[in-house]
Structures are given as structure tokens and as C-alpha cells.
Amino acid sequence: MAIIVYSGGLDSTVLLYKYASEGRADEALSVCYGQRHAKELDFAQRNCRRLGIPFKSLDLSNIGALLGKNSLTDHGVGVPETQYSCDSMKSTVVPNRNMLLISLAASRAIAVGTDAVAYAAHGGDHALYPDCREEFARALDGALSLCHYFPIRLERPFVAFDKAGIVRLGAELGVDFADTWSCYKGGDVHCGKCGTCLERREAFKLAGVRDPTVYMQ
């Protein structure tokens, strides 16, 4: 069993479905950390309700004031409209976000007697996000094994996947992709121009799966 670190995005929704299909989804944990696209948490709650998985949500929105200038928690910094590979996308890095989220999930795992935490970092994230690298995950897995009287594991089953591979797996698992949220701008519909929208569009194309997402552009 595992606590799923769950944003309501495409990757973590496929992760949720995977663990649900295996009977290993103990609970899902979503966190509001002041992100401008906090509407993703509404999608998270709906998917958990659909699958019958207990959903927990934490409001840490005030923590955004501690996280400096980044385009996800500081509305004074614009969301770049470019591919993930561009340096400008580094403005979307929220300092130490995954360590924070995984630590909270580990605390919840200890509280309910679960011995694993799962997150959806994948191969395409590595170059941009330091806390999605396998080296980071291995180090944190080691720390979690020592943080309590019984060890907690950090599971990252998508670490060797690209985004298209996750889309293909999601299609096999019956994920309703229209009920997931990726856009960093958090508008009424996906903007179609920010890095995460462009990555989402490309993943469906490469996977050969119909993209049900409504894009502004």
C-alpha cells in the first residue's frame, strides 16, 4: 500500500489509476502551496471520488511567500510560453517542492501505518527539475528509511518513462484525461502555450492517443 502524492495533473492521475488497479492506493494527498493553478486540486478530488480512494488535502498556501520568485507561486513572474527544454522554464521550479510534498506524505504514511509513498516523477522531468532526478529520489528514499521506527519507501515507477509512455499507460488504465489539469496558468481552459501545455499536447501526439483537452490556442 502507498500514499500517493497527487496533484490532479496528468502524470499523477495515471499514477493514481495504476496504484488503484493494483489495489495499492491507500490514500491520496494533495497540497495547496500557493500555486496559481490550484484548480488542479479540484480535479484530484474528483478522480479520487471516482476511484473510491480516500482524499486528503492540505492548505499551505501561505508558504508561497517563502519560496522566492518563481512563476508558479509569485504572480509577479510570468509563466513562460516555451518548450520545456528552454532555460526560461527554470522559472517554474518551486524550490524543494517535492521534498516538501513527499515529507508530508511520509508523515501521513507513518500516521496510518503505510510503508510507502509514491510520486510521478518521469524521465522527461529530469533535465529541468532537480527534485525529479533519480539521484534525488535515491537520497530521499534513504532518508525516509531512517525517519521512523519502521522504514518508509519512496516509489517512483515512472522514472524511466517519458510523457508519451505515461499517456499510453493511462489510456490502457481507462484514465479520463479530460478530467486532469496541466496548465500552469490556471485559466478556464488550458492555455496551449505554456511549457506544460506544449508537453501535454506533444505526449498525446507521440502516444497516438486522442487528446480530449480543450486549449485556448
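Reply: Let's start with leucine 154, which touches Ile102, Val117, Tyr119, Ala137, Leu140, Asp141 and Leu144, leaving aside residues up to four places away in sequence. Touching, or contact, here means heavy atoms within 4.5 Å. A quick word on the source: this is a predicted model, where local features need pLDDT of at least 70, side-chain atom pairs count only at pLDDT 80 or more, and totals for chains, interfaces and linings use all residues. Residues are numbered from 1 along each chain as its sequence is written, and side-chain values use heavy atoms, with hydrogens and water left out.

Now zoom out to the largest nonpolar core, which has 36 residues. A nonpolar core is a set of buried Ala, Val, Leu, Ile, Met, Phe, Trp, Tyr and Cys residues joined through side-chain atoms within 4.5 Å, and buried means under 20% relative accessible area (1.4 Å probe, protein chains only). Which members touch the most other members? They are Ile102, Val117, Tyr119, Leu154 and Tyr184.

As for who supplies this core, β1 (2-5), β2 (25-32), α3 (97-112) and α4 (134-144) each bring at least two residues. Those labels are DSSP runs numbered from the N terminus: helices are H or I with at least four residues, strands are E with at least two. Helix α3 gives the most to this core, with 5 residues.

There's another core too, lying apart from this one: it has 28 residues, including Val14, Ala25, Val175 and Ala207.

Methods:
Buried < 20%, exposed > 50% of the residue type's maximum accessible area, 1.4 Å probe, protein only.
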